[in-house]
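Subject: Structure handover

Hello,

I am passing on the structure we spoke of, with some notes for someone new to it. Please open it first and then read on.

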Amino acid sequence: MSAAETGQINPPAAASPTEKDTSNQTKDSAPSSTMADTPAAGVAKAPFPHPLPQCKPPAPAILTTDQEKKYQELLESVKKWENVPKTAAKKSEEEPLSDDERMWLTKECLLRYLRAVKWASAAAAEKRLLDTVIWRREYGTNGFTADYISPENETGKLIILGYDNDGRPCLYMDPSKQNTEKSDRQVHNLVFMLERAIDLMPAGVESIALLINFKNSTSAKNPSLGQGKQVLSILQGQYPERNGKSLISELPWYVSTFFKLISPLIDPVTKEKMKFNEPFGQFIPPVQLMKSYGGEVEFEYDHSVYWPTLNQMCDKLRAERKARWEARGKQIGDSEFILKGGDEAAPAEP
């Protein structure tokens with residue numbers, strides 16, 4: 001399987017001490033390294049940088065006259081934001097929007113919030129949007145560093161690898177690899193990885209594919225009901241329209257009970273996106289799907305390789321996006337499609 005087929009980038013392996021010293025050996029002397037010193041051929045250890053060429057999002061819906069009017073109304077209101085509360089507390093101290101916050105407020109972002117309120121009104125979308133800006137400030141979303149999160153993900157319990165048939169980044173969750181005690185940082189890890197999946201979204205893609213496999217998990221390693229409610233609240237409230245598909249398999253009875261308990265809290269639209277015990281290969285190209293999930297990718301999680309590679313990729317993409325935004329005038333309501341490198345001559349119109 002070629003790199004062109006999979007889109008895989010594997011960092012070059014560092015030269016072993018024996019490889020570095022071979023220049024001082026005679027032709028008859030043999031290096032002391034063995035096959036075990038190097039990864040097996042074809043084993044992936046890093047994220048895929050992009051989806052397969054044929055994996056593209058469906059064409060976006062064209063706005064109706066009424067929807068366009070509500071979008072323009074929302075845009076004009078958000079542009080007037082001067083100072084925003086730092087927390088959700090009453091009489092909280094306020095401060096101006098940062099450049100990162102202004103860049104986050106893209107056209108597509110505003111449209112996601114309008115869809116989230118089912119186009120009820122620009123005012124309803126503005127309230128939810130403002131609530132999220134305040135939540136991101138108070139929760140510290142942009143302050144979670146790779147070093148802070150790293151201990152949570154040393155076993156690879158959350159992995160971004162490959163893209164589904166619609167070009168969505170795939171975020172794998174493997175509860176059996178839980179390696180820490182229940183804490184706030186466990187949820188911070190999920191938010192951090194969700195943000196990295198957003199970084200990796202190609203132009204025109206706005207959502208992720210969430211893959212959860214409970215095989216080999218135990219009740220002690222699965223999230224508590226309280227954590228489940230917290231995560232659901234964050235995903236539905238602060239990341240509307242970001243869950244494109246949830247593929248869930250190998251549910252033990254206690255997890256099924258867990259889903260039944262939180263089911264009343266799940267938005268009907270979200271429920272429609274949840275698929276239980278369906279073959280992952282129906283939704284994700286096998287050449288970008290882990291073998292343990294029914295695909296062809298022999299993936300081995302090596303934190304020392306995967307973690308820096310993922311974060312370097314995302315840092316680079318964010319820097320490129322910000323450079324484009326600054327070059328285009330640092331405007332609220334700019335095109336996310338173009339900021340992510342889409343063709344400026346023919347941007348995707350939501």
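This is a predicted model: local features need pLDDT of at least 70, side-chain atom pairs count only at pLDDT 80 or more; totals for chains, interfaces and linings use all residues.

The chain as a whole

There are 13 helices and nine strands in the chain. Of its 350 residues, 46% are buried. The accessible surface is about 18,000 Å², and carbon and sulfur atoms hold 54% of that area. Among contacts in the chain with a separation of 6 or more, 78% are between residues 24 or more positions apart.

The five-stranded sheet

An open sheet is formed by five strands in the order β4-β5-β6-β7-β8, with mixed pairing. Its edge strands are β4 (158-163) and β8, each of which pairs on one side only. From one strand to the next, the twist averages 20°.

Going along the sheet, strand β5 (residues 169-173) pairs with β6 in the parallel sense, over four bridges. Within this pairing, leucine 171 has leucine 210 of β6 as its bridge partner. Strand β6 (residues 208-213) in turn pairs with β7 over six bridges, in the parallel sense. Here isoleucine 212 has isoleucine 248 of β7 as its bridge partner. The pairing of β7 with strand β8 (residues 274-276) is parallel too and has three bridges. The bridge partner of serine 246 in β8 is methionine 274.

Strand β7 spans residues 243-249, and six of its seven residues are buried. Helix α8 (residues 184-200) lies across β4, β5 and β6 and runs at about 20° to β4.

Leucine 211, in the sheet

Leucine 211 is a residue of strand β6. Leucine 211 counts as buried because its relative accessibility is 0%, and the cut-off is under 20%. Leaving out residues up to four places away in sequence, leucine 211 touches Cys170, Leu171, Tyr172, Met173, Leu247, Phe280, Ile284, Leu289 and Tyr293. One of these, leucine 247, is 36 residues away in sequence, with a C-alpha to C-alpha distance of 4.8 Å from leucine 211.

Tryptophan 307, in a helix

Tryptophan 307 belongs to helix α12, which covers residues 303-327. Is this tryptophan buried or exposed? Tryptophan 307 has a relative accessible area of 6%, so it is buried. Its contacts, again without residues up to four places away in sequence, are Ala146, Ile149, Ser150, Asn153, Phe192, Met193 and Tyr301. Glutamate 154 is 153 residues from tryptophan 307 along the chain, yet their C-alpha atoms are separated by 8.5 Å.

Helices α5 and α6

Helix α5 (residues 107-116) packs with helix α6 (residues 122-139) at an angle of about 115°, and their axes are 8 Å apart. The crossing of α5 past α6 is right-handed. On the α5 side, the contact is made by Cys109, Leu110, Tyr113, Leu114 and Ala116. On the α6 side, the residues are Ala122, Ala125, Arg128, Leu129 and Thr132. Sorted by class, this contact has eight nonpolar residues, one polar residue and one charged residue.

Regards

How values were computed:
Residues are numbered from 1 along each chain as its sequence is written. Side-chain values use heavy atoms; hydrogens and water are left out. Axes are lines fitted to C-alpha atoms, for helices over the stretch in contact, and angles run from 0 to 180 degrees between N-to-C directions. Helices (H or I, at least four residues) and strands (E, at least two) are DSSP runs, numbered from the N terminus. A crossing is left-handed if the near helix is turned anticlockwise from the far one by less than a right angle, and right-handed if clockwise. Contact means heavy atoms within 4.5 Å. Ala, Val, Leu, Ile, Met, Phe, Trp, Tyr, Cys and Pro count as nonpolar, Asp, Glu, Lys and Arg as charged, and the others, Gly among them, as polar. Buried means under 20% relative accessible area, exposed over 50%, partly exposed in between (1.4 Å probe, protein chains only). Two strands pair if DSSP finds at least two bridges between them. Accessible areas come from the Shrake-Rupley method with a 1.4 Å probe; for residues, only the protein chains shown count as cover.
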